[in-house]
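Hi,

Here's the structure I said I'd pass on. Have a look at it first, and then read on for what turned up.

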Amino acid sequence: MKPQPLALKVLNIASGLLFLGALAMVFLYAPLEITMNYVQKIFYFHVANAWVGMLGFLAAAVAGVVYLIKHDQKWDIIELTAVEISLVFFLIAIAAGSIWARPTWGAYWTWEPRLTTAAILEMVYIAYILLRQGIDDPDRRARFSAVYTLVGAISVPITFMSIRLFRTIHPVVIGSNSSATMGSFDMTSKMLFTMFFTLFAFSVIFVDLFWHRIRLGLLAQQVEEYKLEEL
Amino acid sequence: MDKENQTAEHKPTSSFVGVVGAIVWKDLAAELRSRELLSAMLVFALLVILIFNFALELDLSTRRVATSGILWATFTFAGTLGLNRSMAVEKDRGCLDGLLLAPVDRSAIYFGKMISNLAFMLMVEVIVLPIYSVLYNTNLFNPGLIIVILLGSIGYVAVGTLLSSMAVQTRTRDVLLPILLFPVVIPILIAAVKASSGFLQGLSLTDVMPYINLLIVYDVIFTAVAYMVFDYVVEE
């Protein structure tokens with residue numbers, strides 16, 4: 001096994017430091033929100049996790065399409081990596097959002113476009129992983145998962161739009177806000193800065209995890225090849 | 001375009017439409033003789049309605065809001081049964097390999113299977129609708145509803161045929177299809193249920209139109225996607 005390249009080691013340390021920095025920013029630097037108090041602090045992590053989840057979703061879609069064009073196993077590993085990371089981070093985002101929603105909306109869960117779409121996206125990811133587990137041949141597994149990624153990547157945004165035809169209560173923090181949303185707030189510049197710092201920190205963590213998972217995927221591929229040679 | 005020219009060189013007589021027609025005809029003829037797929041789907045659909053009857057206590061007021069939801073849940077479940085069976089038969093008896101060996105465009109196979117799956121689904125719906133009407137004394141003969149059911153079934157079958165041809169090639173095939181299919185057909189269900197209940201409650205066309213448009217968009221997109229990627233699903 002090749003040792004970790006220097007850039008990856010630097011990235012490991014950087015993501016650790018940035019995470020601590022983000023924690024410090026959220027708890028020490030950002031001011032308290034008047035109506036929601038400490039509950040609002042989870043918002044920074046909720047947004048950052050959802051952001052990483054979205055990055056993973058986009059990366060998976062792109063990797064799926066590239067695989068179908070190039071037929072290179074490398075893109076299959078990238079696609080799986082993106083899906084796994086996105087699955088975990090969306091799960092954290094949903095959990096954090098629920099914790100925030102309980103005191104703000106009065107319920108852990110509402111059937112609102114973003115929440116529902118996030119839940120359905122998780123289902124698509126779980127189906128994706130079940131599909132992969134059901135296929136032994138690596139080439140066929142890669143082809144089928146790329147096709148399913150593509151189908152999911154198109155259907156999930158349509159799901160979002162179709163639920164959006166109803167009204168929403170999810171606050172839109174940046175940009176216009178309709179009067180139907182609950183729990184929205186105006187961010188001070190310190191809050192805004194904290195949010196963007198957390199987003200940046202989590203983006204770096206995303207890249208770091210991505211890199212590690214791809215290395216793991218390549219190793220797993222080697223193991224599979226050795227096993228085939230043994231036979 | 002290239003592919004069509006190539007196949008034309010090998011076998012000049014088989015046009016794209018001819019191939020699609022031949023596959024549809026084969027499926028319908030096989031079904032006409034065995035009747036195992038339609039009867040299973042139909043009995044299953046009626047059982048689902050029966051279960052809903054007891055699960056939801058369908059009195060008059062519940063029926064008004066729940067009818068379109070019950071219908072679509074029934075079609076969805078029965079549809080999965082049909083899709084699974086129709087592809088599994090091809091796989092088990094080696095028909096799929098035979099079809100793939102034929103010097104025809106692979107997407108013609110997709111459209112053939114899709115149209116025959118659609119035909120089975122519509123047949124089940126045509127039988128279920130009047131039975132539901134009689135059982136619950138509800139008038140379901142509404143031209144708008146028929147259009148919604150047609151559009152919804154097209155989208156459902158377009159994705160379903162693609163995913164079922166993937167699912168039959170896996171180890172966990174019988175359980176995998178609904179897991180793969182349901183999360184990605186949710187837009188169809190949302191739009192179809194909303195549009196159906198809109199028509200049944202006599203809403204104006206402007207209220208229902210967004211959902212009809214959504215169904216059309218979904219149908220077009222997913223038929224196109226399935227057409228493009230079907231090659232990768234059956235490639236050996």
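Predicted model: local features only at pLDDT ≥ 70, side-chain atom pairs only at ≥ 80, totals over all residues.

Helix 4 (residues 113-133) of chain A packs against helix 5 (residues 138-164) of chain A at an angle of about 170°, and their axes are 10 Å apart. An angle over 145 degrees counts as roughly antiparallel, so that's what helix 4 and helix 5 of chain A are to each other. Their crossing is right-handed.

Who meets whom there? On the helix 4 side of chain A you'll find, among others, Ile120(A), Leu121(A), Val124(A) and Tyr128(A), and on the helix 5 side residues including Phe144(A), Tyr148(A), Gly152(A) and Val156(A). By type, the residues of this contact split into 11 nonpolar, six polar and three charged.

Now for where the two chains touch. Chain A and chain B each put 24 residues into the contact. On chain B's side, the elements giving two or more residues are helix 7 (143-167), helix 8 (173-184), helix 9 (186-200) and helix 10 (205-234). Helix 10 of chain B gives the most, with eight residues. Chain B's side comes to 19 nonpolar residues, three polar and two charged.

Helix 8 of chain B deserves a look of its own. Its 12 residues reach 17 Å from first C-alpha to last, close to the expected 16 Å. Its buried residues are Leu176(B), Leu177(B), Pro178(B), Leu180(B), Leu181(B), Pro183(B) and Val184(B). What covers them includes helix 4 and helix 5 of chain A, along with helix 4 (60-92), helix 7 and helix 9 of chain B.

Cheers

Methods: Residues numbered from 1 in each chain as written. Chains lettered and ligands numbered in written order. Contact = placed C-beta atoms within 7 Å. Helix = DSSP H or I, 4+ residues; strand = E, 2+ residues; numbered from the N terminus. Nonpolar A, V, L, I, M, F, W, Y, C, P; charged D, E, K, R; others polar. Axes fitted to C-alpha atoms, helices over the stretch in contact; angles between N-to-C directions. Parallel < 35°, antiparallel > 145°, perpendicular 65-115°, else oblique. Left-handed = near helix turned anticlockwise from the far one by under 90°. Expected span 1.5 Å × (residues − 1). Buried ≥ 20, exposed ≤ 12 C-beta atoms within 10 Å, placed from the backbone.
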